[in-house]
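Here is a structure to explore together, one question at a time. Each answer sets a value beside the rule that gives the feature its name.

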Amino acid sequence: MKIFNLSMECYPVAKVGGLADVVGALPKYLNKIEGIEASVIMPWYNKPFVHDHSFEIVFDGWIHQSVHTFQVQVMKERSQTLGFDLYLVKIPGLLDRDNPYGYWDESQQFLAFQHGVLHWLSAMKIRPDILHCHDYHTGLVPFMIENCPEFNFLKGVKTIGTIHNGEYQGQMRWDMANYMPWFYGENWGLLDWNGYINPLATMIKCCHAFNAVSGGYMQELFQNFRGLESLVQQENGKAYGIINGIDTEVWDPATDAFLDFNFSKKDASEGKWKNKKALCEEYGLNPDLPLFSFIGRFAGEKGADLLPKIVEKSIQQTQGRLNVMILGSGEKQIENELKELSGTYSNFALDLGYKEYLSHKIYASSDFLLMPSRVEPCGLNQMYAMRYGTVPIVRYIGGLRDTVEDISTGGSGINFGDATAEDAVNAMHRAMHIYHDHDLMKNLIQSNMDFDFSWDKSAHIYLELYRK
């Protein structure tokens with residue numbers, strides 16, 4: 001079975017969020033199954049991975065967007081470094097930039113990527129069994145292969161759409177239809193939602209099956225989907241929830257090259273202490289105090305706007321008997337508020353930006369990980385934390401409720417109900433009591449490291465869906 005994953009991100013080529021981790025792992029684990037050939041197709045970016053690896057040009061052609069003509073080059077990584085074939089689509093002037101997102105013409109970029117991919121596959125007579133489309137950036141592919149005569153060769157190819165985050169739908173004005181390949185006009189309704197082209201809605205309408213990245217999040221979308229509730233209810237017969245996994249080869253405290261000290265379940269308490277001591281010394285924190293951390297984007301959906309209050313309240317209410325460390329970036333107001341607090345409290349450490357190596361160190365060193373999310377389709381951070389023996393403190397929502405059970409009901413984490421600083425700080429108080437019960441804390445560390453969040457199970461569930 002030949003499967004192509006279409007995505008704007010893939011770790012370690014280009015990463016903004018969890019989408020990259022999923023696309024960088026799922027095909028690798030699928031390829032461990034006999035008879036499966038899974039690949040990734042993504043845009044070309046001006047990134048170190050691209051320059052540090054060898055590629056061959058496997059296609060060179062042209063596409064038309066409105067009155068413009070663009071060259072399309074497809075490059076294949078020569079050595080299958082990532083455990084799967086990696087194809088990069090380069091379109092000078094559109095897909096040749098530093099980053100995946102943030103450009104004024106990104107709708108045109110995404111359209112060009114989808115057009116370029118399908119043009120290449122059609123021209124070269126490459127017909128996969130499955131086109132797996134990730135998020136709205138590739139959501140028009142199921143429509144195009146059925147309604148654009150240019151791609152008649154691909155008509156009937158099965159398509160799967162994965163919703164990594166339903167908050168983003170790619171809505172654009174109808175004049176952007178001029179940038180699409182010619183399509184049968186009578187089927188324009190498949191593109192439309194409330195007077196706009198909505199790629200995510202189109203994906204749901206046109207794909208053969210779609211899934212959210214956890215069962216809990218799939219259920220939430222039926223009630224809260226930023227205006228698409230009626231659509232997903234109508235299409236519920238082809239809706240699935242499949243929890244993400246993590247790449248346990250990349251995320252392994254026993255072999256992780258980013259850590260100062262490697263450890264396994266047998267010596268987890270000692271290993272975590274050594275890493276914690278080193279990290280605290282680097283950031284001027286007291287290693288004898290419990291370390292609470294947050295890693296992620298400073299965005300409302302992550303509850304990051306609550307962080308300044310959480311930091312201030314937790315330190316004040318405990319008279320400074322804890323440490324808080326935050327790694328991330330995003331909304332400038334949140335960054336500025338946190339910067340001000342870092343100058344006020346000596347037991348608060350802040351590092352702004354995206355730093356993969358540091359995130360590994362923090363997971364290994366922390367006692368507790370905070371996730372006060374308003375929206376969490378799956379969440380990978382809690383899985384990384386548990387893999388490294390860190391206790392997650394999470395809001396009971398989406399994928400977090402699927403993966404973290406509260407200690408009061410036999411689980412190994414701490415849940416709280418509302419996305420408020422008060423609820424989060426109350427959960428931190430519970431964590432403080434756990435921290436000072438050394439036997440309980442040791443057991444939690446070991447039980448969390450016992451959880452199997454590998455992609456092996458989820459990859460087989462995806463394979464069942466492909467076969468279906």
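**Buried rings and other features**

Q: Are Phe110 and Tyr136 buried or exposed, and what kind of model is this?
A: Phe110 is buried, and Tyr136 is buried as well. Please keep in mind that the model is predicted.

Q: What makes the pair of Phe110 and Tyr136 edge-to-face?
A: The ring centres of Phe110 and Tyr136 are 5.9 Å apart and the planes meet at 75°. Rings pair if their centres lie within 6.5 Å, and planes over 60 degrees apart count as edge-to-face. With 5.9 Å and 75°, the pair is therefore edge-to-face.

Q: Which parts does the pair of Phe110 and Tyr136 tie together?
A: Phe110 lies in helix α3, whereas Tyr136 lies in the loop between β6 (130-134) and α4 (141-147), so the pair ties together parts that are 26 residues apart in sequence.

Q: How many aromatic pairs does the structure hold?
A: The structure holds 17 aromatic pairs.

Q: Why is the pair of Phe4 and Trp120 called tilted?
A: The ring centres of Phe4 and Trp120 are 6.3 Å apart, and their planes make 40°. Planes under 30 degrees apart count as stacked, those over 60 as edge-to-face and the rest as tilted.

Q: Where do Phe4 and Trp120 lie?
A: Phe4 lies in strand β1 (residues 2-6) and Trp120 in helix α3 (residues 106-123), so this pair ties together parts that are 116 residues apart in sequence. Phe4 and Trp120 are both buried.

Q: Which residues do ring pairs link into a cluster?
A: The cluster is made of Trp251, Tyr363, Tyr384 and Tyr388.

Q: How do you know that the charged end of Arg97 sits over the ring of Tyr103?
A: The charged end of Arg97 is 4.9 Å from the centre of the Tyr103 ring. The distance has to be within 6 Å, and the charge within 35 degrees of the ring normal. Arg97 counts as sitting over the ring of Tyr103. In another such case, Lys32 lies over the face of Tyr29, at 4.1 Å from the ring centre.

Q: How many disulfides does a search of the whole structure find?
A: The search finds zero disulfides.

Q: Why are Cys133 and Cys148 called buried?
A: Buried means under 20% relative accessible area. Cys133 has 0%, so Cys133 is buried. Cys148 has 1%, so Cys148 is buried too.

Q: Why does Lys28 count as buried?
A: The relative accessibility of Lys28 is 15%. Because buried means under 20%, Lys28 counts as buried. Lys28 has its place in helix α1 (residues 18-30), and Lys28 touches Leu82, Gly83, Phe84, Asp247 and Glu249, not counting residues up to four places away in sequence.

Q: What is the phi of Asp135, and what is the phi of Asn194?
A: Phi of Asp135 is near 65°, a positive value in a residue other than glycine. Phi of Asn194 is near 55°, also positive in a residue other than glycine. Most residues other than glycine have a negative phi. Asp135 is in the loop between β6 and α4, and Asn194 is in the loop between β8 (192-193) and β9 (196-197).

Q: What makes β14 and β17 the edge strands?
A: Six strands form an open sheet with parallel pairing, in the order β14-β13-β12-β15-β16-β17. Strands β14 (348-352) and β17 (414-416) are the edge strands, as each pairs on one side only.

Technical notes
Residues numbered from 1 in each chain as written. Predicted model: local features only at pLDDT ≥ 70, side-chain atom pairs only at ≥ 80, totals over all residues. Heavy atoms only, no water. Pairing = 2+ DSSP bridges. Helix = DSSP H or I, 4+ residues; strand = E, 2+ residues; numbered from the N terminus. Disulfide = S-S within 2.5 Å. Buried < 20%, exposed > 50% of the residue type's maximum accessible area, 1.4 Å probe, protein only. Phe/Tyr/Trp six-rings, centres within 6.5 Å; stacked < 30°, edge-to-face > 60°. Contact = heavy atoms within 4.5 Å.
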